[in-house]
Amino acid sequence: MRHIISILLENESGALSRVSGLFSARGYNIESLTVAPTEDPSMSRMTIVTSGSDDVIEQITKQLNKLIEVVKVVDLSEAAHIERELMLIKVRATGKDREEMKRVADIFRGRILDVTEGTYTIELTGTGSKLDAFIKAIEASAILETVRTGACGISRGERILRV
Amino acid sequence: MRNPGAESLTGAEILVRCLHEENVEYVFGYPGGAVLYIYDELFKQDKVKHVLVRHEQGAAHAADGYSRASNKIGVCLVTSGPGVTNAVTGIATAYMDSIPMVVITGQVPTHAIGLDAFQEVDAVGITRPCVKHNILVKDVRDLAPSIKKAFHIARTGRPGPVLVDVPKDVTAASCAFEYPETLRLRSYNPAGKGHPGQIKKAAQMLLGAKCPMVYSGGGVILSDAAPQLTRLVRMLGFPCTNTLMGLGGYPATDPQFLGMLGMHGTYEANMAMQHCDVLLAVGARFDDRVIGNPAHFGEVPRKIIHIDIDPSSISKRVRVDVPIVGDVREVLDDLIKMLEASRDKPDPKALKAWWERIGQWRSKDCLRYDHVSKIIKPQAVVERLWEVTKGDAIVTSDVGQHQMWVAQLYKFDKPRRWINSGGLGTMGFGLPAAMGAQFANPGSTVVCVTGEASFQMCIQELSTCRQYHLPLKIVCLNNRYMGMVRQWQEFFHGNRYSESYLDALPDFVKLVESYGHVGMRIEKPADIEPALKEAFSRKDQLVFMDFITDQTENVFPMVPGGKGISEMILAEEL
Ligand SMILES: Cc1cc2nc3c(=O)[nH]c(=O)nc-3n(C[C@H](O)[C@H](O)[C@H](O)COP(=O)(O)OP(=O)(O)OC[C@H]3O[C@@H](n4cnc5c(N)ncnc54)[C@H](O)[C@@H]3O)c2cc1C
Ligand SMILES: Cc1ncc(C[n+]2csc(CCOP(=O)(O)OP(=O)(O)O)c2C)c(N)n1
Ligand SMILES: [Mg+2]
């Protein structure tokens, strides 16, 4: 099963490699990993999308908690949560396809950030599957470049992750 | 707050002062360019004594052995680059067995880091998977807090080695020195007491058991909880087994002790482990060499209570019913109190029937061997060693058959007497670990039981033993084979002894003599005891005893890889 794990950790050099090293050394999957400092600059928040059986996910959270720099770990997928990913995509947009591309971007609530005679650069946010759906919806040969942040997530309601 | 009146010291001075603050007696190390300022400061004082080893692997093992034999923190100091890489085996050895240790490594100057400087290696990167934590100190002002943190993390919670990497310019730079008295780590709060509700559940489960079993491991030794464990097992009247790392946690000469369990455990311990209905696991981690095939182990429905300080040890390989996260000593204290307060007692009839079953398993006498052989049987040497030392020595070992025979036959009644590499299984561990153990216990008898292959992996430390007059007694069970490898080749690879015969062995007697020690060669069973007596009477000398043993002897029982623990090969079945 797919899980979204949120981690608060000390914003110190080396902390990231400790986390990624743990995943590779113990053979855990990483689908995506994002990290940036929080409002408290001494702390970073990391979101890891991983998959595994319940036993494996239990070990992942326990092993993460063991790392000295890790302050808190939660599995967001245990409760209602919001997940978002950002994608920037550059597409070929010429001739009659140009209008069609804009229409599809609008349907997906994408924003065109940059325009040239032959291209659009579009910003899209949403769940990973929404971004996948956009890629499917347009002509594959029109895609020039994509870049995705990987998911970040937060719990719904009153549930919060902080120290 | 930094104290404005604090004196200004160089990083090297600060480092040595930190060692004073931590009451470090010995540093096991080897000098080199990156640590010259530190060595200079060591030279100027005599509070911390430096032990010069002959290879950095030896430094790490000696610090580790010191720690295991004393529960003080072993400290080791090596230079950058090859100094660090040489020490890695020793660091990983300590890590796998959860041994507290602080490793200080020199590093190239901060401005040279990342430029492929002379003797530069990413020490923090290379050791990350085999330390509890590591720290690169980039600013002299962080040095004292980092050392404080290293000692704190190494000794608390599930212990382990911590490495502090100190660039050369940091040891030369100065700042005000103040050793922090306290340490606040928001991200690190190891467990202490166990959850009372869980302990209560455990107590009820134990009292309701018909076929109970207590299985304890290295956690009991690490938390100095042998008295608590012994008390608990005796008050309940339950059988008890120890892992290789847990030996000495419960007195081996006690009738309630079933011996070690696992791959080379006794028949009775493995059968009782498999067939019990309630299992109390104490500071043990259900290792693959202990429970064999987990699916086979899981075929028998038993309730499991697991006490461990590290939540990740719990339900890792085997699902447990009552997890108790906490320090063994504290949890056992609470459990004992609860059991004492309870009016219930374990069912005496059920227990009697269970002991009868165990008695039948015991009567297999699974460790017996040929007592009339004309060639020295290795087991006989270990049994005579136990008699001659009155079971009272600190015994280190290397890795192989000889290690298993000591574990099976030297009956350890007390903790911290049995010092071996279980998790990593590092050949070469025995001699340097014995040095560390002797430094920690200057008045005690320290024996290293080794094999002729293992011994050659850190043989250079004989020179260190000479320099510091360490009167170790070395028992070499010389079978001219990598015996443990040969045994697997005999059982599982059609007797093809690929590269496991040791050709061109040195004359060990002459070799140790050249280091200034005493050597003996023993070839007849009748000479075992007189030789041991003679060796142990030489109180001030290192004596190496080269016992020429039966080349074909195997370690039994044996659980082959992938089999269940009750599926043992016994001696008679071959
Ligand atoms: C050739 C060879 C053969 C071997 N054969 C066997 C064999 O037959 N039988 C056998 O048992 N082993 C055998 N081993 C050793 C095996 O590989 C493991 O090292 C060993 O079984 C692990 O022991 P343990 O479970 O006690 O765990 P340890 O590695 O000692 O771990 C200790 C556990 O206690 C916990 N702990 C630490 N401190 C505390 C505390 N204060 N409070 C609570 N918990 C704490 C830790 O978190 C950890 O889970 C063999 C090794 C070799 C090299
Ligand atoms: C550093 C290292 N290399 C290889 C091994 C694999 N190994 C395990 S036991 C063994 C043989 C040990 O031979 P010896 O020291 O003579 O002991 P014996 O088994 O004969 O008693 C080997 C090679 C190991 N454990 N450690
Ligand atoms: Mg041998």
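Reply: Let's start with the area: chain A and chain B bury about 1,600 Å² between them, with 42% of it on carbon and sulfur atoms. Buried area here is the accessible area (1.4 Å probe) that two parts lose on being put together, summed over both. Keep in mind that this is a predicted model, where local features need pLDDT of at least 70 and side-chain atom pairs count only at pLDDT 80 or more, while totals for chains, interfaces and linings use all residues. Residues are numbered from 1 along each chain as its sequence is written, chains are lettered from A and ligands numbered from 1 in the order in which they are written, and side-chain values use heavy atoms, leaving out hydrogens and water.

Chain A puts 19 residues into the contact and chain B 18, contact meaning heavy atoms within 4.5 Å. Between the two chains there are 5 salt bridges, each a side-chain nitrogen of Lys or Arg within 4 Å of a carboxyl oxygen of Asp or Glu. In one, B:R319 pairs with A:E58, their closest N and O atoms 2.6 Å apart. Another salt bridge brings together the side chains of A:D40 and B:R186, at 3.8 Å from N to O. A:D40 sits in the loop between strand 2 (32-37) and strand 3 (43-51) of chain A, and B:R186 in the loop between strand 8 (174-176) and helix 8 (196-207) of chain B, so this pair joins two chains. Helices (H or I, at least four residues) and strands (E, at least two) are DSSP runs, numbered from the N terminus.

Across this interface, 13 residue pairs are in polar contact, both partners at pLDDT 80 or more. A polar contact is a pair of N or O atoms within 3.5 Å; within protein, one must be able to donate a hydrogen and the other to accept it, and residues adjacent in sequence count only if both atoms are side-chain atoms. On the side of chain A that touches chain B, the elements giving two or more residues are helix 1 (15-25), helix 2 (54-66) and strand 4 (70-75).

Side-chain polar atoms reach the ligand from B:D308, 2.6 Å from an oxygen atom, and from B:D327, 2.6 Å from a nitrogen atom. The protein covers 97% of the 990 Å² of accessible area that ligand 1 has on its own, by the Shrake-Rupley method with a 1.4 Å probe; for residues, only the protein chains shown count as cover.

As for ligand 2, it has 17 residues around it. A backbone N or O atom of B:G483 lies 2.7 Å from one of its oxygen atoms. Ligand 2 exposes 590 Å² taken alone, and the protein buries 77% of that.

Note on methods
Near = heavy atom within 4 Å.
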